[in-house]
Amino acid sequence: MGNAELLTAADVRLMQGLAQRITATRLDLVNGDTSYGELAWNWGKGHTAHGAGWRRRLWFSGDDLVAWGWARMPHQVRRRDGTVKDVTEACLAHQVHPGHAGLLDDVIDWYDTTAAGLERTALPCAGDEFGLERWAAHGYVTDPGSLGDTGSWTQLNERDLADVEQPSLPAGFRFRTADEAGPEAVVQAHVDAWPGSAYTVGAYRDLRRTAGYRGDLHVLVEAPDGTMAASAIMWLDEVNQTVEFEPVGTHPGHRRLGLARAMLLHGMRRARDAGATHATVACLGAPGHPKARGLYYGVGFRELSRDAPLVKTAG
């Protein structure tokens, strides 16, 4: 059974539940757009500004969600600096339980109908051979623009938390939590790390409504002058005892000081104290984007899965 309307916070909780069930058995089929934490982050940060352009369909088996599609339609992104970016194509995030793999054809048909007349992109997992065959059968091809040396595809990385190094910060810096720092400082830390971001205090309030958010697992590094120099949110999936970092960022004026490394180690130790035994984090995977990948590899992460960006021309 399926239905279609705008994506809600209640829908995201159902989608996170499916992500948890797939994580428990086929973590290799979870990519950067369909993980427990990424779903909450993407909904929370953008719902207020872009939710009216988010179409979704859910498929159930009895009471259990077994597949979903989230189509993000063309829209304008208004940045905090006043500039505007036009997004002209449709993009699909989706997930299908491997026990109901045949539903992928229904997901693709729904997406093609919903985004008819637009260029359409999708991000299945590169290791999902059945899924890639079905996308190809519907006319989707590899997106060459995403796969170059500076392409935009992502990889998901993992490590266990059995042995986590003690973090060390430069003199005068200290760790804080979002609960301690407050909403304005939390949002400013993100905006400083990602110039041009449209993130707002209102979006952060939406984020706090999502399942898995904990202010004590949203960690920051405070600079000697009292401003926030780095930040990371950790999403704790208690069912699978895993934690996901998303996003992770450092103020440009405080880079190359080892803050992000220390913050990741500190975060993993806090997550372990909260019950996590495993951690994940996504990053751009193309050769031309080595910095984040090098950071994560440097604290013990290794690649688990990667996207296979696909595109279908308008029509």
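This is a predicted model: local features need pLDDT of at least 70, side-chain atom pairs count only at pLDDT 80 or more; totals for chains, interfaces and linings use all residues.
The residues of α8 that are buried comprise L259, A260, A262, M263, L264, L265, H266, G267, M268 and A271. After α8 comes G275, which has a positive phi near 115°.

The backbone around strand β13 was considered next. Most residues other than glycine have a negative phi, and most peptide bonds are trans. Against this background, the peptide bond from E246 to P247 is cis, with omega near 0°, and P247 belongs to strand β13 (residues 242-250). Q241, which is not a glycine, has a positive phi near 55°; this residue is placed in the loop between β12 (228-237) and β13, and Q241 counts as partly exposed because its relative accessibility is 40%. A positive phi, near 70°, is likewise found at R256, again a residue other than glycine. R256 lies in the loop between β13 and α8, and since its relative accessibility is 81%, R256 counts as exposed.

Charged pairs form a further group of features. Side chains of opposite charge can pair when their charged atoms come close, and the structure holds 15 salt bridges. One of these is formed by D11 and R56, whose closest N and O atoms are 2.8 Å apart. This pair links distant parts of the chain, with D11 in helix α1 (residues 9-25) and R56 in strand β2 (residues 54-61), 45 residues apart, and both D11 and R56 are buried. The side chains of D112 and K312 also meet in a salt bridge, with an N to O distance of 3.2 Å. Here too distant parts of the chain are linked, since D112 lies in helix α3 (residues 104-114) and K312 in strand β16 (residues 310-312), 200 residues apart. D112 is buried because its relative accessible area is 14%, a value under the 20% cut-off, and K312, with a relative accessible area of 18%, is buried as well.

A salt bridge is also present between the side chains of E303 and R306, at 2.8 Å from N to O. E303 has a relative accessible area of 34% and is therefore partly exposed, while R306 counts as partly exposed at 33% relative accessibility.

Finally, the surroundings of N42 were examined. N42 is placed in helix α2 (residues 36-50), and because its relative accessibility is 8%, N42 counts as buried. When residues up to four places away in sequence are not counted, N42 touches D33, W54, W70 and R72.

Key. Residues are numbered from 1 along each chain as its sequence is written. Side-chain values use heavy atoms; hydrogens and water are left out. Helices (H or I, at least four residues) and strands (E, at least two) are DSSP runs, numbered from the N terminus. Buried means under 20% relative accessible area, exposed over 50%, partly exposed in between (1.4 Å probe, protein chains only). Contact means heavy atoms within 4.5 Å. A salt bridge is a side-chain nitrogen of Lys or Arg within 4 Å of a carboxyl oxygen of Asp or Glu.
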